[in-house]
Every structure is written in structure tokens, then in C-alpha cells.
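These are review notes on the two-chain model shown below.

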Amino acid sequence: MTLERFAKLIAARGAALARWPHADQVGARRLLARSPEALSLLTKAAALDAALDSLPPPDINEALLARLRGGIEARIDAAAEMSGGLVPELAARRLAQTRGSGRSRSGRPAAFAGLFLMMIAIGFAAGLAGLDPWPAPQRVTTVSGLLALTDPIVSFSFQ
Amino acid sequence: MNDPFPKGEDSDADLMARIACGEREAFRTLMDRHLPFVYRLAARVVGNLADAEDVAQEAFLRVWRHADRFQPTAAPFTAWLNRVVVNLCLDRLRKPMPLPLEAAPEADDPAPDGLARLVATDQRKLIAAAVAALPERQRVALVLCYYEEHSNAEAARMLSVTVSALESLLIRARRTLRDRLKMLAPAQGG
């Protein structure tokens with residue numbers, strides 16, 4: 001390991017080699033064994049590490065955790081009630097997704113088939129009754145007639 | 001906050017799958033497992049205990065709401081949760097904070113070494129203030145790598161930056177701290 005690499009690592013990770021990338025630890029120890037400059041950098045970094053280590057970890061006790069758990073559960077309950085019921089919001093969403101996907105799998109093809117059969121039946125019944133369910137478009141041969149089909153106001157002005 | 005879970009218990013990924021179906025008991029198990037870590041990380045980053053509680057609560061609300069979006073094949077649950085917490089902390093740090101740190105209540109210390117303790121307490125406050133004054137991303141990088149002992153690659157993912165950028169954040173954080181703490185003790189450095 002070069003001194004430059006060592007200096008960069010120690011500037012980022014501090015003096016505790018155990019916190020360094022594993023692959024760099026062996027090289028760092030070898031460099032420290034032969035380089036006074038590296039040792040000096042390590043000593044300076046250790047002073048800052050000691051300062052950082054002097055900060056106590058946050059106090060975490062059972063009362064705090066119980067309060068946090070209670071707060072979280074209360075907020076979930078409140079969100080569920082605001083969404084209109086006691087069903088958790090996420091469960092409600094998944095329930096809706098499940099219902100939606102169920103329709104797409106089984107309900108939609110059945111609906112299309114029913115519509116198709118109904119159209120055939122209407123056409124067949126209309127044919128028997130002599131009715132034309134789809135009459136031919138009205139023939140329009142004049143400009144005023146065309147306008148009368150499209151825009152009653154304009155057609156009125158032409159009449 | 002390690003992924004290995006006690007024998008006989010559901011893995012985090014299993015619990016998340018059950019939570020996605022609305023199972024409250026699975027949510028409680030996951031919360032018991034990770035709440036201390038989440039609070040500790042939040043407290044160290046935001047520095048304000050009330051804000052840390054808010055961050056911890058909001059993080060688990062997001063777990064509940066977005067459990068169905070969690071993909072165990074993409075990343076372990078802990079990495080996913082870490083990222084949620086880091087983002088919440090960054091949001092919190094970007095808001096104006098009138099009080100950077102919560103001072104612990106102090107009592108008169110009649111012991112013979114009381115003065116030394118007071119000096120040590122004052123020093124800790126100065127150090128904590130120096131950490132709290134770091135720009136938010138530098139502070140998060142320092143907490144993740146130094147206190148939580150994440151690798152550079154892990155911390156970079158949580159901060160959504162490259163490893164090189166993460167190293168730069170760490171170097172700047174430590175340099176800033178060293179310069180500020182020189183006022184406290186000229187011998188300190190690193």
C-alpha cells in the first residue's frame with residue numbers, strides 16, 4: 001500500500017483498521033511497520049476517533065421502545081379509521097387489487113361472451129321481424145342538407 | 001440490525017410478505033427486531049431525540065404501508081430499511097432546527113472528581129455540537145460508516161451516491177471535525 005492510499009483511507013475511515021475495507025487492512029499494517037509518516041497519520045486520526053468515541057450512544061430503554069411501538073400502532077389505527085374502516089390501509093389496497101385481478105381473470109371474458117351472444121340474438125330477431133337494425137345512412141345531396149345533419153344553427157341560417 | 005434471524009423465527013423477508021397481507025403480528029415482530037437500531041441511527045444522525053422518535057415512527061409506518069413494494073431479491077430488508085431511515089433523517093435535517101442538540105440535565109456533582117467530570121461533559125457537548133454542525137450528508141456518512149460500521153459501498157447505496165462520493169463526504173467530515181476540535185484540544189487531529 002502506498003502512503004497516499006493509506007492517507008486517503010485514514011482520512012475517510014479513521015485510525016481503527018478494523019473499520020477499513022478488509023482488503024486494505026493487511027497492506028496498511030505492513031506500511032505502518034515501516035513508515036513513520038503512516039504512524040504519525042494514524043496517531044492524529046486516533047485522537048479524533050477518541051473524541052468521536054467519547055459521545056455516548058443514545059439511551060434506548062424499554063419505556064422508550066414501548067412508547068415508540070404505541071405511537072406507531074396508534075398512527076396505523078388512525079390511518080385505517082380515516083380510510084373508512086378498521087381494515088389497515090395496506091390490507092385494504094391489497095384486497096382491492098385482489099378483487100380487481102379476479103374480475104380481469106374471470107369476469108371480463110364472460111361479459112364479452114354475453115355481449116356477443118346478445119348482439120347475435122338481436123340481429124336474428126330483427127331479421128325475423130323484417131326490421132333493419134342498422135339502416136343505411138341518410139343520403140344528403142345538398143349543402144344545406146349536409147349542414148342540417150351536422151349543425152342545426154348553421155343549417156338554420158341557410159334555410 | 002443484522003439479516004441473520006434467530007433460529008425458528010421468520011426471516012425479515014417472510015415477515016414482510018405477511019405484513020403485505022396486513023398481518024399485524026408479523027409487523028410487531030419485525031418492529032421488535034429492528035426498532036432499537038432504527039431509533040439509534042436516527043438519534044445519531046438528527047441529534048434531537050424528539051425528531052429521532054418521529055423518524056423511527058415514520059420509518060415503521062412506511063414499512064407497514066409499503067411492505068408490498070419490498071422485493072427481497074433486490075436487497076436485504078435491512079438495506080431497504082436503512083435507506084428509508086436515512087432519507088427520513090435527511091428530510092428532517094433539511095428543515096430548520098433551532099436546537100441542534102438536546103442537552104442532558106446536569107446535576108451538581110459533589111464527588112472529588114466532579115470537576116473533571118464536568119470538564120468531560122463540556123467536552124462531549126462541544127464534540128456533539130461539532131458533529132451536529134456538519135452538513136447533513138457528511139453527518140449521515142460519518143454516522144453510517146463510523147458509528148454503525150457500514151462499509152463504504154453499503155453507506156453509498158443508502159445515500160444514493162457513488163463510493164467515491166461517499167469517501168469524499170467522509171474525508172470532508174473528518175477534516176471539518178478535526179479543524180473545529182482543534183479549538184477544544186490542539187493535540188487532536190486526524
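Is Thr29(B) buried, partly exposed or exposed, and how many other C-beta atoms lie within 10 Å?

1. The model is predicted, and what follows should be read with that in mind. Thr29(B) is partly exposed, because 19 other C-beta atoms lie within 10 Å of its own and a buried residue would need 20 or more. Thr29(B) belongs to helix H2 of chain B. When neighbours within four places in sequence are left aside, Thr29(B) has Asp10(B) and Leu15(B) as contacts. The C-alpha atoms of Thr29(B) and Asp12(B) are 9.3 Å apart in space, for a separation of 17 residues in sequence.

2. Thr29(B) is also one of the residues at a helix pair: Asp12(B), Leu15(B), Arg18(B) and Ile19(B) of H1(B) meet Ala26(B), Phe27(B), Thr29(B) and Leu30(B) of H2(B). Sorted by class, this contact has five nonpolar, one polar and two charged residues. As for geometry, helix H1 (residues 12-20) and helix H2 (residues 24-46) of chain B pack at about 145°, and their axes are 8 Å apart. The crossing of H1(B) past H2(B) is left-handed.

3. Two backbone angles in chain B deserve a check. Most residues other than glycine have a negative phi. Glu149(B), which is not a glycine, has a positive phi of about 60°. The residue sits in the loop that joins helix H6 (136-147) to helix H7 (152-159) of chain B.

4. Ser160(B) is in the loop between H7 and helix H8 (163-181) of chain B. Ser160(B) is exposed, since 11 other C-beta atoms lie within 10 Å and the class takes in counts of 12 or fewer.

5. Next, the core. The largest nonpolar core has 67 residues, and those with the most contacts inside it are Ala42(B), Ala56(B), Ala59(B), Val85(B), Cys89(B) and Ala141(B). H2(B) gives the most to this core, with 11 residues. What does Cys89(B) touch, not counting residues up to four places away in sequence? The list is Ala42(B), Val45(B), Val46(B), Val55(B) and Val140(B).

6. Chain A has seven helices and zero strands, so that its elements read α-α-α-α-α-α-α from the N terminus on. Of the 159 residues in chain A, 14% are buried. Among the contacts in chain A with a separation of 6 or more, 40% are between residues 24 or more positions apart.

7. Last, the contact between the chains. It takes 32 residues from chain A and 40 residues from chain B. On the chain A side, helix H1 (3-13), helix H3 (36-53), helix H4 (62-82) and helix H5 (89-128) each supply at least two residues. H3(A) gives the most to that side, with eight residues. By class, the residues of chain A that touch chain B divide into 21 nonpolar, three polar and eight charged.

Terms used:
Residues are numbered from 1 along each chain as its sequence is written. Chains are lettered from A and ligands numbered from 1 in the order in which they are written. This is a predicted model: local features need pLDDT of at least 70, side-chain atom pairs count only at pLDDT 80 or more; totals for chains, interfaces and linings use all residues. Axes are lines fitted to C-alpha atoms, for helices over the stretch in contact, and angles run from 0 to 180 degrees between N-to-C directions. Helices (H or I, at least four residues) and strands (E, at least two) are DSSP runs, numbered from the N terminus. A crossing is left-handed if the near helix is turned anticlockwise from the far one by less than a right angle, and right-handed if clockwise. Two residues are in contact if their C-beta atoms, placed from the backbone, lie within 7 Å. Ala, Val, Leu, Ile, Met, Phe, Trp, Tyr, Cys and Pro count as nonpolar, Asp, Glu, Lys and Arg as charged, and the others, Gly among them, as polar. A nonpolar core is a set of buried Ala, Val, Leu, Ile, Met, Phe, Trp, Tyr and Cys residues joined through C-beta atoms within 7 Å.
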